[in-house]
Amino acid sequence: MWNSNGPVYSAEGFKQSYHIFLEVHSLCLILAKLAEPSLALSETAQLVLRPDSLEHYLDEPYRGVCAAYRSVLW
């Protein structure tokens, strides 16, 4: 994430971190849904996994992974 020894951050590093966050968030949702099938997903959780959100915020392979998680949840 750092480009130097100072507080200079890489945009690409933040983008990768955000992609990993979305993937981990999606995985946590699917694990929770597997543990408790009657669990209702919140509006916020659904927002993260909406097809237009995946298309807007994620590149491949992250988009495909999150879409696969979404297909299991809905």
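At 51% relative accessibility, Glu55 counts as exposed, because the cut-off for that class is over 50%. The model under discussion is a predicted one. Glu55 is also a salt-bridge residue, with its side chain meeting that of Arg63.

**Salt bridges**

- The structure contains two salt bridges.
- In the pair formed by Glu55 and Arg63, the N to O distance is 3.7 Å.
- Arg63 is partly exposed, with a relative accessible area of 22%, whereas Glu55 is exposed.
- Arg50 and Asp52 form a salt bridge in which the closest N and O atoms are 2.8 Å apart.
- Arg50 is partly exposed at a relative accessible area of 36%, and Asp52 is likewise partly exposed, at 43%.

**Overall fold**

- The secondary structure of the protein chain consists of four helices and zero strands, and along the sequence the pattern reads α-α-α-α.
- Of the 74 residues in the protein chain, 26% are buried.
- Contacts between residues at least 6 apart in sequence include 48% that join residues at least 24 apart.

**Helix α1**

- Helix α1 spans residues 11-35 and has 25 residues.
- From its first C-alpha to its last, α1 reaches 36 Å, close to the 36 Å expected at 1.5 Å a residue.
- The buried residues in α1 are Gly13, His19, Leu22, Ser26, Leu29 and Ile30.
- The cover over these buried residues of α1 includes α2, α3 and α4.

**Nonpolar core**

- The largest nonpolar core has 13 residues, and Leu29, Leu41, Leu49, Leu58, Cys66 and Leu73 touch the most other members.
- Two or more residues of this core come from each of α1, α2 (43-49) and α4 (62-73).
- Helix α4 gives the largest share of this core, four residues.
- Leaving aside residues up to four places away in sequence, Leu73 touches Leu29, Ile30, Lys33, Leu41 and Leu49.
- Among these partners of Leu73, Leu29 and Ile30 are buried residues of α1.

**Ser53 in helix α3**

- Ser53 lies in helix α3, which covers residues 51-57.
- With a relative accessible area of 10%, Ser53 is buried, because the cut-off for burial is under 20%.
- Ser53 touches Leu47, Val48 and Leu58, not counting residues up to four places away in sequence.
- One of these contacts of Ser53 is Leu58, which is also among the core residues that touch the most other members.

**Surface**

- The accessible surface of the protein chain comes to about 5,100 Å², and carbon and sulfur atoms account for 63% of that surface.
- Tyr18, Phe21 and Tyr57 make a nonpolar surface patch of about 330 Å².
- Tyr18, a member of this patch, lies in helix α1.
- Tyr18 counts as partly exposed at 35% relative accessibility, in contrast to His19 of α1, which is buried.

Note on methods. Residues are numbered from 1 along each chain as its sequence is written. This is a predicted model: local features need pLDDT of at least 70, side-chain atom pairs count only at pLDDT 80 or more; totals for chains, interfaces and linings use all residues. Side-chain values use heavy atoms; hydrogens and water are left out. Buried means under 20% relative accessible area, exposed over 50%, partly exposed in between (1.4 Å probe, protein chains only). Contact means heavy atoms within 4.5 Å. Accessible areas come from the Shrake-Rupley method with a 1.4 Å probe; for residues, only the protein chains shown count as cover. Patches are made of residues with over 30% relative accessible area and no salt bridge: like charges are joined within 9 Å, nonpolar side chains (Val, Leu, Ile, Met, Phe, Trp, Tyr) within 5 Å. A salt bridge is a side-chain nitrogen of Lys or Arg within 4 Å of a carboxyl oxygen of Asp or Glu. A nonpolar core is a set of buried Ala, Val, Leu, Ile, Met, Phe, Trp, Tyr and Cys residues joined through side-chain atoms within 4.5 Å. The expected span of a helix is 1.5 Å times one less than its number of residues.
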